[in-house]
Amino acid sequence: MKKADNNLEQQVSIVQKSFDFWLKTGEVPAPYYAYRIAVILRKAGHKDLEKRFLEAWTRHFPSGNGKRYSDLVERARKLGVVVSTAPGARK
C-alpha cells in the first residue's frame, strides 16, 4: 500500500479516472489522491509542477467537504495560486 501512495503514475491515473467520472456524473473526486500527487511532486523537487497541478485542481474544486479539500486550497495558496469561487468556477 505504501508503494502505491508514492507512485505518481498510479495517483495520476486514479485522479484522471475520478475526474472523468465527475464530468459524466457530477460526483466530486476524493481529494486524497490529488493531495498525494502534490506531496510526491514536492518531495521530488518539482514545485513548479505542483503549483500547476494545484492551479488546475482548485480551478475545478475550489472547495469541498472535509479537511483534505481545505488542505489542497491552503497548499495552492502558499504557492501563489489564486483560488476563486467566482461565478463560473466549477464545484
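User: How far apart are the mean positions of the positive and negative charges of the chain?
Analyst: The structure is a predicted model. The chain carries 18 positive and 9 negative charges. The mean position of the positive charges and that of the negative charges are separated by 2 Å.

User: What pattern does the secondary structure follow along the sequence?
Analyst: The chain holds 5 helices and 0 strands. Read along the sequence, these elements give the pattern α-α-α-α-α.

User: Why is the chain described as being as compact as a globular protein of that length?
Analyst: For 91 residues, the globule rule gives 12 Å. The C-alpha atoms fill a box of roughly 40 × 30 × 20 Å along the principal axes.

User: What share of the residues in the chain is buried?
Analyst: A residue is called buried when its relative accessible area is under 20%. Of the 91 residues in the chain, the share that is buried comes to 35%.

User: What part of the accessible surface belongs to carbon and sulfur atoms?
Analyst: The accessible surface of the chain comes to about 6,000 Å². The part that belongs to carbon and sulfur atoms is 52%.

User: Which percentage of the contacts between residues at least 6 apart in sequence joins residues at least 24 apart?
Analyst: The contacts considered here are those between residues at least 6 apart in sequence. Among them, the share that joins residues at least 24 apart is 59%.

User: How many aromatic pairs are there, and what is the geometry of the pair F19 and F61?
Analyst: The count of aromatic pairs is 5.

User: Where do F19 and F61 lie, and how many residues apart are they?
Analyst: F19 belongs to helix α2, which covers residues 8-25. F61 belongs to the loop between α4 (47-60) and α5 (67-78). The pair thus links distant parts of the chain, and the separation is 42 residues.

User: Is F61 buried or exposed?
Analyst: The relative accessible area of F61 is 2%. The cut-off for burial is under 20%, so F61 is buried.

User: What kind of pair do W22 and F61 form?
Analyst: The residue W22 is buried, and F61 is buried as well. W22 lies in helix α2 and F61 in the loop between α4 and α5, so their pair ties together parts that are 39 residues apart in sequence. The ring centres are 4.7 Å apart and the planes stand at 65°, so the pair is edge-to-face.

User: Which residues are linked into a cluster by ring pairs?
Analyst: The cluster linked by ring pairs consists of F19, W22, W57 and F61.

User: What is the distance between the C-alpha atoms of E55 and R77?
Analyst: E55 has its place in helix α4, and its relative accessibility of 31% makes it partly exposed. E55 and R77 are 22 residues apart along the chain. The distance between their C-alpha atoms is 9.2 Å.

User: Is T85 buried or exposed?
Analyst: T85 is found in the segment after α5. Its C-alpha atom is 9.5 Å from that of H60, 25 residues away in sequence. With a relative accessibility of 51%, T85 counts as exposed.

Terms used:
Residues numbered from 1 in each chain as written. Predicted model: local features only at pLDDT ≥ 70, side-chain atom pairs only at ≥ 80, totals over all residues. Heavy atoms only, no water. Helix = DSSP H or I, 4+ residues; strand = E, 2+ residues; numbered from the N terminus. Rg over C-alpha atoms; globule rule 2.2 N^0.38 Å. Buried < 20%, exposed > 50% of the residue type's maximum accessible area, 1.4 Å probe, protein only. Contact = heavy atoms within 4.5 Å. Areas by Shrake-Rupley, 256 points an atom, 1.4 Å probe, with all protein chains shown as cover. Lys, Arg positive; Asp, Glu negative; His and termini not counted. Charge placed at Lys NZ, Arg CZ, Asp CG, Glu CD. Phe/Tyr/Trp six-rings, centres within 6.5 Å; stacked < 30°, edge-to-face > 60°.
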